Amino acid sequence: GFRPSRKAHDLVELVSALIARVVDRAALLRHFAVPNFETTEHFLAHLATALELPSAADGGADVPLAALAFLESWRLGRVPFAPAPPPSAPSKASKKTHSDAAAVA
């Protein structure tokens, strides 16, 4: 199955930083249908269960996969009570096309 390419610790730290900036924690709990939690790892374990993600190799919750799921939801703007993701930078191809069009005009 799919396994994250980033180190698990990095993913959990990213989620932790976002959760720390959440204004409405109750909305976070309701949105992901998880109980209150003490640590980011606990949140991600509950999230893995709520999203019915496959188990980790040791049979427990796949915390890195849950972190990826959370980060993807955030990136897509599905976590409105968390800080918005930064706008994506235009690709080099789109920059070139834009500058070519400006040169022609």
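Is F43 buried or exposed? F43 is buried, as its relative accessible area is 0%; buried means under 20%, exposed over 50% and partly exposed in between, with a 1.4 Å probe and protein chains only.

Before I continue, a word on the source. This is a predicted model, in which local features need pLDDT of at least 70 and side-chain atom pairs count only at pLDDT 80 or more, while totals for chains, interfaces and linings use all residues. Residues are numbered from 1 along each chain as its sequence is written, and side-chain values use heavy atoms, with hydrogens and water left out.

I turn to the helices. Helix α3 covers residues 40-50 and helix α4 residues 63-75; helices here are DSSP runs of H or I with at least four residues, numbered from the N terminus. The two pack at an angle of about 85°, with their axes 8 Å apart. The axes are lines fitted to C-alpha atoms over the stretch in contact, and angles run from 0 to 180 degrees between N-to-C directions. α3 and α4 are therefore roughly perpendicular to each other, a term that covers 65 to 115 degrees. On the α3 side, the contact (heavy atoms within 4.5 Å) is made by E41, F43, L44, A45, L47 and A48. V63, A66, A67 and F70 make it on the α4 side.

Next, the aromatic rings. Rings of Phe, Tyr and Trp (its six-membered ring) pair if their centres lie within 6.5 Å, and planes over 60 degrees apart count as edge-to-face. By this rule there are four aromatic pairs. One of them joins F32 and F43, edge-to-face, at 6.1 Å centre to centre and with 80° between the planes. F32 lies in helix α2, residues 25-32, and F43 in α3, so this pair ties together parts that are 11 residues apart in sequence. F32 also counts as buried, at 8% relative accessibility.

F43 pairs with F70 as well: the ring centres are 5.6 Å apart and the planes stand at 90°, so this pair too is edge-to-face. It links helix α3 to helix α4 across 27 residues, and F70, like F43, is buried. Ring pairs link F32, F37, F43 and F70 into a cluster.

R25 lies over the face of F37, 3.9 Å from the ring centre; the criterion is CZ of Arg, or NZ of Lys, within 6 Å of the ring centre and within 35 degrees of the ring normal. S73, in helix α4, is buried with a relative accessible area of 15%. Leaving aside neighbours within four places in sequence, S73 is in contact with F32, R78 and V79.

Technical notes
Parallel < 35°, antiparallel > 145°, perpendicular 65-115°, else oblique. Phe/Tyr/Trp six-rings, centres within 6.5 Å; stacked < 30°, edge-to-face > 60°.
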